[in-house]
Amino acid sequence: MKMLSVMRFILTLSCLVLLVSSGWAKRTTMKLKKVPLDEKSMLSQATHAHMLRKKVMVAQGMSSNENSFDAPGGRPHGVPLTDFMNAQYYGEIAIGTPPQTFSVVFDTGSSNLWVPSTRCSSIACWLHRKYDASKSETYKANGTEFAIQYGSGSLEGIISNDVLTVADLKIKDVDFGESVKEPGITFTMGRFDGIFGLAYDNIAVQRVVPPLYRMVAEGLLDEPVVGAWFGDANKGGDGGEITFGGADENRYTGDVTWAPVIRKGYWEVELQNATLGDQDIGVRTVRAAIDTGTSLCAIPVAEADAINTRIGAKKNFQGQYTIECEKVAHLPVLSLTFGGKKFELEGQDYILKVSGGLGGGETCVSGFMGMDIPAPAGPLWIVGDVFLRKYYTIYDLGQNRVGFALAK
């Protein structure tokens, strides 16, 4: 899975290049705060969040196929998210006693929790908040070393144990990573401090028990369920919200469509069909990972080329597909089928407007990036925030399924 993490990192860097050239220099719910769009690039610093984590090889295994959903009682525990230009969504947690606060990406594409450590000397750590074990009364040493391989090198650290606070929940004896070395510009430029993994435990580095599993084991949640709502910076309103213990029915409308997890690791479901303007576009990939930690949709190169060619997007010298902004309103609808239902994206959904280009004005960039993931992990679609801004998603650990509904 080392290869997949490296490829995702390359995708992140390609997005960063675009940003620089554009001018950037019991359920618990978290709401997302919104960053005003007065900064130049909507993608800026954002898409490096695509690949901030290790995407490790997933274990084979089929999930259950239930389609019923019993709405949980009680209330969800919510965490507000900050939306930085539709590119990075992150919320606050706290570790230790007294609590030390960190901003993290809630990532369904990885399983570990890690934050920078005071023992770290990397530039990225200097620019972010750092966990200080000596200032926590509930810190417990572990000392197990871990490493996550990225394209520019290895993120390295040690495992520690402390109390974790998420929304109004306190989770005891949580193992998490203290990073002591953070490579490359991705982490340096991120608006967030660390990563909060929400994927299955079988891809956790060093087999650390993920925080979500600890919440379930301690009986803190009404249901082993996470809900995700991402706001749209172009439409105003809140930034976003992650809920633990259930879905927030105020964030979506209509029925929930369920798709069974077909392979545990990521939240991986069957991609049953993909069409553009109701016409076949040659998509042959049948698996999709629903990934809250990725800004765009990373799909096989041939399929990305086919989609971008059909919509009239052209590849620039940076390898990014761009299109004239005046054409966006007239682009065909792209439909993805999950759980037997079509989910439609209009041009305004799958095209990103980046402000402040080399000549001023706006650049319109396709939300579909080419990335070939070799077997056995791939081929695979990584479905990120381009899709998740329009559709509320529910991650049901108890019944191994992902729910989709139209977001409000």
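**Rings and a sheet in a predicted model**

The charged end of Arg251 sits over the ring of Trp229, 4.1 Å from its centre. Sitting over a ring requires NZ of Lys or CZ of Arg within 6 Å of the ring centre and within 35 degrees of the ring normal. Arg401 likewise lies over the face of Trp258, at 3.9 Å from the ring centre.

This is a predicted model, where local features need pLDDT of at least 70 and side-chain atom pairs count only at pLDDT 80 or more, while totals for chains, interfaces and linings use all residues. Residues are numbered from 1 along each chain as its sequence is written, and side-chain values use heavy atoms, with hydrogens and water left out.

Next, the aromatic pairs. The whole structure has 20 of them. Rings of Phe, Tyr and Trp (its six-membered ring) pair if their centres lie within 6.5 Å; planes under 30 degrees apart are stacked, over 60 edge-to-face, the rest tilted. Phe338 and Phe387 are edge-to-face, 5.8 Å centre to centre with 85° between the planes. Phe338 is in strand E20 and Phe387 in helix H7, 49 residues apart; helices (H or I, at least four residues) and strands (E, at least two) are DSSP runs, numbered from the N terminus.

Phe343 and Phe404 form a tilted pair, at 5.3 Å and 45°. Phe343 lies in strand E21 and Phe404 in strand E27, so this pair ties together parts 61 residues apart in sequence. Ring pairs link Phe338, Phe343, Phe387, Tyr391 and Phe404 into a cluster.

Last, the sheet. Four strands form an open sheet in the order E15-E14-E20-E21, with antiparallel pairing; two strands pair if DSSP finds at least two bridges between them.
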